[in-house]
Amino acid sequence: MPNEAASSITAVLAAQDHIVQDLVRGELEHGVLIPLKTTLELRDDHVTGRVLITRAPVKAANPAISLLRNLLPEEIVKGVPHLRRCAKPCDLPAHLKTQFMNESPQSRQIHTGKSNWIYIIMGPEPMLNRDELVKALSTVEGLEEEIFIRSVPVPMVAPTSQVQAAMWSQHFWPTVYRKNNPLGPHPSMVSRSTDEIAGDAAIWMTLAHQVANETHARGYGESMGACIIQREEGKATIVALAGDARWCEHGKTGCTGNPMAHSVLRAISMVAQKLVRAEDRKTETHMEPILEFEAFQDRPLLEDEKKVFDLDHPCPDGYLCHGLEMYLTHEPCVMCSMAILHSRMGKVVFRHRMPLTGGLSSEDRGSDHPSLNGADGGRGLGLFWRRELNWSLVAWEWESSGSIRPLPVDMTIHA
């Protein structure tokens, strides 16, 4: 299998542009792509609330449901679409069967043998008035003299897998998995995107590591690098390559160096310069920078950076990094993560997590991490997919199969 994988990635490299083949040095091996979880998937996948239920003979079920639809606002009637509105007694979780069966002789009869009764969800309890429901249901022929209304706990968000739906059906209420993910990117989207990038991800990660090693060796910055590519109709084209340059102009003065020279910002700025360069050609204009100090340090510092920078942008009419892919040696800091979002990047892959300073991972950045010596970075932000932000993307952590040497850095550094 290793030989097959090696020949596979060698064939993928041979199909790339000549400049990519020239840039890659050393062996290549496929790694493993692990999709990142969103903050909602990690924290809100089991938020429970309470709903009110009633029960009715099968013949009276439609009149009862129609009455509830007419009585209640649509947002209440459709408030929990992932739960089955109606459930037979035999489909209830075991604890609810036991509870209802032992309430009265009539309830025991309802749950014995082939029942002709069904249970009906009326809606979330905080949004309902019991007295109004009892009064309204009393007009439905066939219901019990004492209207049955009970409060039961249920998951308030949809399941993200068939397994989770089955588990909730056993513990709460019959639940339906509709093959979607209300808490993050759709599973089919993640799977399709993973398949798209898996074949050549090792190439771009290798280039990011190479440039990271070189900028660090020259004292320009930390061992961090970024590579941006465009993928169109199955063909990948390299767009930018940048190492970290936070110490470039003034050496290691201060504790953080120049934050505008992180590898992510340099790479995005190089893409922007290519777009400006293409526009200048159209308009036959050229504006020289007038700044005395170039804060971004976004001019190529290495020969490899310059080779890529001199190439024209493959699609100069788009918005900055719209739909592009970024491959990083380290999880970007919060500042760089927001820059990635604002640039409209389509996909991000990084190798090393930064549990104290990273902005993409959603896991809590707590003191239980073995390398943090009790430090606490608070809750993970998961900025790649947040409801309150106006852009989302798909992100992965990449695990090397061993061919690319790790680039350990101080966990307190902002990548």
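## Terms and model

Two strands pair if DSSP finds at least two bridges between them. Strands (E, at least two residues) and helices (H or I, at least four) are DSSP runs, numbered from the N terminus.

This is a predicted model: local features need pLDDT of at least 70, side-chain atom pairs count only at pLDDT 80 or more, and totals for chains, interfaces and linings use all residues. Residues are numbered from 1 along each chain as its sequence is written, and side-chain values use heavy atoms, with hydrogens and water left out.

Four strands make an open sheet with antiparallel pairing, in the order 3-4-2-5. Strand 3 (86–87) and strand 5 (150–155) are the edges. Each has a single partner strand, so one side of each lacks a neighbour in the sheet.

Strand 3 runs antiparallel to strand 4 (residues 117–124), joined by two bridges. Cys86 has Ile120 of strand 4 as its bridge partner. Helix 6 (residues 94–101) packs on the sheet and touches strand 2 (48–57), strand 4 and strand 5. Contact means heavy atoms within 4.5 Å. The direction of helix 6 makes about 180° with that of strand 5. Such angles run from 0 to 180 degrees between N-to-C directions, with axes fitted as lines to C-alpha atoms, for helices over the stretch in contact.

Strand 8 (residues 325–330) is mostly covered: six of its six residues are buried. Buried means under 20% relative accessible area, exposed over 50%, and partly exposed in between (1.4 Å probe, protein chains only).

Strand 6 (residues 225–232) joins strand 8 through four bridges, running antiparallel. Strand 9 (residues 347–352) pairs with strand 8 in the parallel sense, over five bridges. Glu325 takes part on both sides: Glu325 is the bridge partner of Ile229, and Glu325 stands opposite Lys347 in strand 9.

## The largest core

A nonpolar core is a set of buried Ala, Val, Leu, Ile, Met, Phe, Trp, Tyr and Cys residues joined through side-chain atoms within 4.5 Å. The largest one has 31 residues; Trp204, Cys227, Ile238 and Tyr327 have the most contacts inside it. Helix 11 (201–217) is among the elements that give two or more residues to this core. Helix 11 supplies the largest share, eight residues.

Beyond its neighbours within four places in sequence, Cys227 is in contact with residues including Trp204, Ile238 and Tyr327. A second, separate core of 30 residues includes Leu36, Ile228, Val271 and Leu324.
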